[in-house]
Amino acid sequence: MTTKLIIIEGLPGLGKSTTARMVYDILKSKGIKSELFSEGDYNHPADYDGVAYFSDGDFNKLKNMHLENENILNKIKIRHGSGYLIPYRKIIEEKKISFPDRLLSDITKNNVYELPLDLHTVLILNRWEDFVNRCVHEDKTVVFECCFIQNPVTMTMIKNNSTPQVTIDYVQNLAKMVVPLKPILLFLEQKNIEMSLKKAISERPKEWFESFEDYYTNQGYGLDNNLKGLDGVISILKSRYRLEQEIYESLSLTKYRIDNSAFDLNLHRETIGSILEPHLPL
């Protein structure tokens with residue numbers, strides 16, 4: 001196969017997870033060695049989920065605040081540049097190491113997605129660069145759900161209310177990095193954003209939308225524009241969609257728009273298959 005990376009993007013509720021699984025299944029059915037990484041995967045090779053970062057100075061402050069747990073901190077820290085990464089979610093879920101509540105609270109304050117935008121961007125770009133350098137030498141195709149456009153948009157627009165150009169530059173820098181992997185971008189679209197969001201709300205736990213609404217309306221773009229409730233979230237998503245369309249148009253990689261308004265699984269599978277076919281080995 002010519003590509004080593006397939007990226008699925010689109011707004012919440014448009015079927016990114018389903019599409020990513022379809023792509024992965026198609027690759028496997030063709031005998032292509034592949035790997036799927038979904039949103040929120042703490043082992044994601046190009047993202048940081050549940051990972052905190054501390055400069056040397058801040059890590060020393062953290063240790064001094066929690067001297068009784070200094071041995072744990074020294075055991076789990078990972079040197080990264082002039083600081084340390086603490087993959088606390090992986091440690092909790094995989095290593096089964098528990099943290100005192102106060103220590104965990106102080107660690108999560110430095111989650112990579114809670115850091116100042118400039119520092120966050122440097123860490124994420126370095127992470128992508130490391131991923132590309134590894135993946136280019138591996139005999140497999142990696143499928144990513146939503147971390148290429150969604151995460152930069154979330155961090156810049158939703159969280160920090162940055163200018164559109166800041167977001168565009170962020171994603172374009174990522175696009176330049178992944179060129180050696182000959183990536184394919186599948187961008188899901190929906191004619192009725194309000195309908196797709198309400199569909200997602202009806203299908204997911206109540207807590208999902210409560211958390212989603214809080215994140216979207218109580219910081220950055222939502223807060224600055226006084227957007228609240230379901231109507232506020234819909235307004236933000238429409239603005240996000242316009243920005244993502246602009247990003248899509250600015251990218252010079254292999255890309256496809258896919259209208260998933262019908263939510264017809266069979267039709268969607270046929271569409272995905274026909275798009276991938278020219279990129280599969282004979």
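Which residue is the bridge partner of Ile7 in strand 6? I looked it up: Phe144 is the partner.

**Ground rules**

I am working with a predicted model, so I noted its limits: local features need pLDDT of at least 70, side-chain atom pairs count only at pLDDT 80 or more, and totals for chains, interfaces and linings use all residues. Residues are numbered from 1 along each chain as its sequence is written, and side-chain values use heavy atoms, with hydrogens and water left out.

**Whole chain**

I counted 13 helices and 8 strands in the protein chain. Helices (H or I, at least four residues) and strands (E, at least two) are DSSP runs, numbered from the N terminus. The C-alpha trace spans about 60 × 50 × 35 Å along its principal axes.

I then looked at burial. Of the 282 residues, 50% count as buried. Buried means under 20% relative accessible area, exposed over 50%, and partly exposed in between (1.4 Å probe, protein chains only). For contacts with a separation of 6 or more, I noted that 75% come from residues 24 or more positions apart. A contact means heavy atoms within 4.5 Å.

**Strand 6**

I came back to strand 6, residues 141-145. Here 5 of the 5 residues are buried, so the strand is largely enclosed by the rest of the structure. Thr141, Val143 and Glu145 lie on one side. Val142 and Phe144 lie on the other. In a regular strand the side chains alternate between the two faces of the sheet.

Two strands pair if DSSP finds at least two bridges between them.

Cys146 sits in the loop between strand 6 and helix 7 (150-159). Is Cys146 buried or exposed? At 1% relative accessibility, Cys146 counts as buried. Its phi is near 75°, a positive value in a residue other than glycine. Most residues other than glycine have a negative phi.

**Strand 5**

I turned to strand 5, residues 83-86. Gly83 and Leu85 point one way, Tyr84 and Ile86 the other, and all are buried. Strand 3 (residues 52-55) pairs with strand 5 in the antiparallel sense over 4 bridges. There, Tyr53 has Leu85 as its bridge partner. Strand 4 (residues 78-80) is also antiparallel to strand 5, over 3 bridges. Arg79 has Tyr84 as its partner. Strands 4 and 5 form a hairpin with 2 residues between them. Gly81 in the turn has a positive phi of about 60°.

**Two loop residues**

I found Phe263 in the loop between strand 8 (254-259) and helix 13 (265-276). Its phi is near 50°, again positive in a residue other than glycine. Phe263 is partly exposed, with a relative accessible area of 24%.

Asn225 is in the loop between helix 11 (220-224) and helix 12 (229-250). Asn225 is partly exposed at 40% relative accessible area. How far apart in space are Asn225 and Leu280? They are 46 Å apart, C-alpha to C-alpha, and 55 residues apart in sequence.
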